[in-house]
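Hi everyone, thanks for making time for this.

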Amino acid sequence: MRVALFVTCINDLLQPRTGQAVVALLERLGVEVAFPEGQSCCGQPQFNTGYRQATEPLVRRFDRVFRDVDHVVTPSGSCAAMVRDNYPRIGAKAAAEGRGPELADAAAAAVAKTYELTEFLVDVLKVEDVGAYYPHTVTYHPTCHGLRMLGLGDRPRRLLERVGGLELRELPGAEECCGFGGTFAVKNEAVSVAMGADKVRNVRATGAEALCTVDNSCLLHLGGILSRQGAAVRPVHIAEILASTEGNEW
Amino acid sequence: MSGTYLGMPAFPRAAAAATRDTRLRANLTHATHTIRDKRAAAVAELDDWAQLRAAGAAVKDRTLRHLDHYLEQLEAAVTAAGGQVHWAADADEANALVTRLVRETGEHEVVKVKSMATQEIGLNEALAEAGIRAYETDLAELIVQLGGDLPSHILVPAIHRNRSEIRDIFRREMADWGRPAPEGLSDSPAELAEAARLHLREKFLSAKVAVSGANFMVAETGTLVVVESEGNGRMCLTLPETLISVVGIEKVVPSWRDLEVFLQLLPRSSTAERMNPYTSTWTGTTEGDGPRTFHLVLLDNGRTDTLADTVGRQALRCIRCSACLNVCPVYERAGGHAYGSPYPGPIGAILTPQLRGIEGSLEASLPYASSLCGACYEVCPVAIDIPEVLVHLRERVVQGGPVTRGGSRVVLKPARGHAAERAAMRAATWAFDHPGALRAGERLAARTRRLHPRRLPGPGRAWSRTRDLPAVPAESFRDWWRRTRGEPSEQAGGEA
């Protein structure tokens with residue numbers, strides 16, 4: 001099984017710890033991880049803002065960079081959903097615009113092998129107890145693209161419930177969007193922040209020490225609000241919890 | 001706010017003002033969460049909801065694909081049943097038609113059943129210009145009309161008002177429109193409803209002309225269907241001598257068998273009821289019962305152009321249930337007025353720019369009025385993939401391209417004001433397609449990280465005004481990989 005990490009651009013630049021946690025976790029589970037350096041960004045910021053054609057080189061690049069691997073694992077529900085839901089749309093539109101089937105083929109190849117991290121653990125590796133230890137209270141926010149586009153269901157929760165020492169606190173209104181939404185966060189700043197403030201109020205009401213998601217982009221927004229409020233809640237990606245072991249917290 | 005949506009500011013500005021209105025926020029949060037939870041429970045009762053939803057989407061798609069056929073079938077059936085069918089290409093034609101039809105009766109007053117189509121075309125204002133007064137008879141529409149206000153929700157048009165505001169409006173305004181509010185009217189729901197009942201009963205008994213919309217039109221028999229909860233619609237549809245129904249052409253369904261699907265989907269999605277309380281159906285005219293004259297005005301107003309768009313056309317499946325509004329986190333905070341049309345919320349964000357065109361600044365801002373969270377798509381009873389259409393319309397805003405207008409293909413220019421964004425997006429793609437440059441950029445960002453400002457200038461202010469920026473770490477992931485894992489075995493596509 002040849003497995004490659006698609007770290008995502010946000011993690012590469014801003015949260016390398018998350019990528020390192022995925023590597024540590026997968027290696028602990030006996031998976032050899034490759035990191036093809038030609039990878040960059042899935043193209044979601046461009047696509048979701050209306051610049052579909054600007055994403056096309058990135059679809060081609062994704063296909064080319066990961067052509068020789070069986071599975072692409074990414075620690076982002078949103079980027080996995082971009083590949084799985086939107087790459088086929090980009091390919092179909094290019095074909096409809098008379099530019100041939102090449103992009104649709106590239107998209108189909110990418111879709112077939114791309115997994116969000118918790119999907120890969122539960123569906124491919126068939127593990128739920130990854131041997132992690134994280135002695136903290138944690139509340140889990142299911143991010144929208146993981147929840148509704150990928151249909152992650154309770155996979156992340158099942159993994160968290162089996163982490164030693166971890167106490168999961170229910171998040172009120174958990175399935176409501178946090179208000180990040182990519183460029184929405186700046187194009188509709190007021191609404192985005194109003195949504196984020198409500199989410200953060202719910203997070204703080206749980207009394208949890210850490211706020212966990214499968215997406216660092218949402219945590220960038222929520223963490224930014226928490227930090228501005230001076231709240232002690234720590235935003236943490238699920239990979240970093242799952243990579244933590246007794247005596248070695250990530 | 002006066003009774004027109006024209007000249008509304010772009011969405012972000014109107015929405016920002018709404019987020020600061022604490023009473024509006026409280027009214028909306030309470031109301032949307034209540035309906036949202038009830039809908040979820042009503043839908044969960046049915047084991048075959050997913051199949052019903054798929055059937056609803058399929059029936060609508062099939063009908064829209066053969067719309068010309070079903071509309072002609074409907075016209076023939078309505079005519080055979082004693083009705084008269086008129087075709088209106090746009091709002092002006094529809095308004096002129098209805099005005100002429102009312103004038104021909106010699107009346108100067110009409111009663112109205114709640115109708116989205118007549119709000120869309122601004123019929124009340126057009127009738128007023130012709131000296132004809134239109135009385136809204138739906139309770140919430142009455143509140144909106146008396147208050148000189150605009151509806152802010154498809155199903156609950158006065159959702160932005162609480163009951164003490166409603167009492168004040170009734171006390172202040174009812175006398176100008178007919179029977180005044182009773183002395184000492186309180187804000188108890190029962191007293192408010194009784195005041196409205198007394199006020200409206202006068203109108204029902206005196207009106208000679210009614211104007212309605214319709215939820216559905218059954219092509220095989222020429223039957224129109226109005227679905228409502230109060231009974232006011234039943235009064236308007238049966239008591240007057242002349243009935244004029246203005247209905248969007250996408251409201252046709254082929255047969256009663258098809259209608260059955262929607263009479264299950266609609267009540268559970270909109271009011272969370274298992275069965276709709278008042279379902280009125282009528283077919284042309286009937287001797288000795290109901291209106292003597294029936295006119296059906298079939299309204300296009302941008303619908304045929306919308307149908308020409310293979311992605312955007314799914315918006316025409318909409319059955320106006322408002323489930324998408326009630327789950328939308330943006331609607332909940334922005335309120336309905338920010339959408340600048342009778343169609344607020346997620347469905348409005350995809351319908352308005354298609355029906356009106358995307359050139360105006362409000363229309364161009366609507367596709368961006370969403371975090372793309374997908375809650376709307378999840379609850380839509382006819383499976384409209386609203387996020388897909390939003391992104392499709394964003395592309396039309398920033399890139400322009402071919403659209404259909406008045407039946408002809410035209411090529412739109414990109415909207416103004418996106419030049420810097422377009423350049424930034426293209427630059428990002430270039431960098432992401434050149435990992436060597438990307439790595440150099442990341443290293444520069446890491447090396448200069450102590451110099452990064454805490455607050456950003458320019459467009460970045462919209463982030464950092466309210467949210468702290470993350471610190472850039474000393475080393476990117478790719479540099480960490482290279483340092484700890486040695487020189488990589490370059491794979492395909494690994495060129496710099």
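Predicted model: local features only at pLDDT ≥ 70, side-chain atom pairs only at ≥ 80, totals over all residues.

Let me start with a question: which residues does B:Val110 touch, not counting residues up to four places away in sequence? They are B:Val102, B:Leu127, B:Ile132, B:Ala134, B:Ala207, B:Val209, B:Ala210 and B:Val211. Contact here is when C-beta atoms, placed from the backbone, lie within 7 Å.

Residues are numbered from 1 along each chain as its sequence is written, and chains are lettered from A and ligands numbered from 1 in the order in which they are written.

Back to B:Val110, one of the residues with the most contacts inside the largest nonpolar core. By nonpolar core I mean a set of buried Ala, Val, Leu, Ile, Met, Phe, Trp, Tyr and Cys residues joined through C-beta atoms within 7 Å. Buried means 20 or more other C-beta atoms within 10 Å of a residue's own; exposed means 12 or fewer, and partly exposed is in between. In soluble globular proteins, nonpolar side chains tend to be buried together.

H5(A) gives the most to this core, with eight residues. The core lies between domain 1 (3–124) and domain 2 (137–243) of chain A, because both give residues to it. Those domain bounds come from an automatic or database domain assignment. The C-alpha centres of the two domains lie 22 Å apart, and their contact takes 27 residues from domain 1 and 22 residues from domain 2.

Now the sheets. Helices (H or I, at least four residues) and strands (E, at least two) are DSSP runs numbered from the N terminus, and two strands pair if DSSP finds at least two bridges between them. In chain A, four strands form an open sheet with parallel pairing, in the order S2-S1-S3-S4. Its edge strands are S2 (33–34) and S4 (114–116). Within the S1–S2 pair, which has two bridges, A:Ala4 stands opposite A:Ala34. H5(A) lies across S3 (71–74) and S4 of chain A, running at about 155° to S4(A). For such angles, axes are lines fitted to C-alpha atoms, for helices over the stretch in contact, and values run from 0 to 180 degrees between N-to-C directions.

Chain B has an open sheet of six strands, also paired in parallel, ordered S1-S10-S7-S4-S2-S3. Here S1 (84–88) and S3 (133–136) are the edges, and neighbouring strands are turned by 25° against each other on average, direction ignored. S2 (residues 109–112) and S4 (residues 209–212) of chain B pair over two bridges, and B:Lys112 has B:Val211 as its bridge partner in S4(B).

How do the chains meet? Their contact takes 55 residues from chain B and 57 residues from chain A. On the chain B side, H19(B) gives the most, with six residues.

How values were computed:
Contact = placed C-beta atoms within 7 Å.
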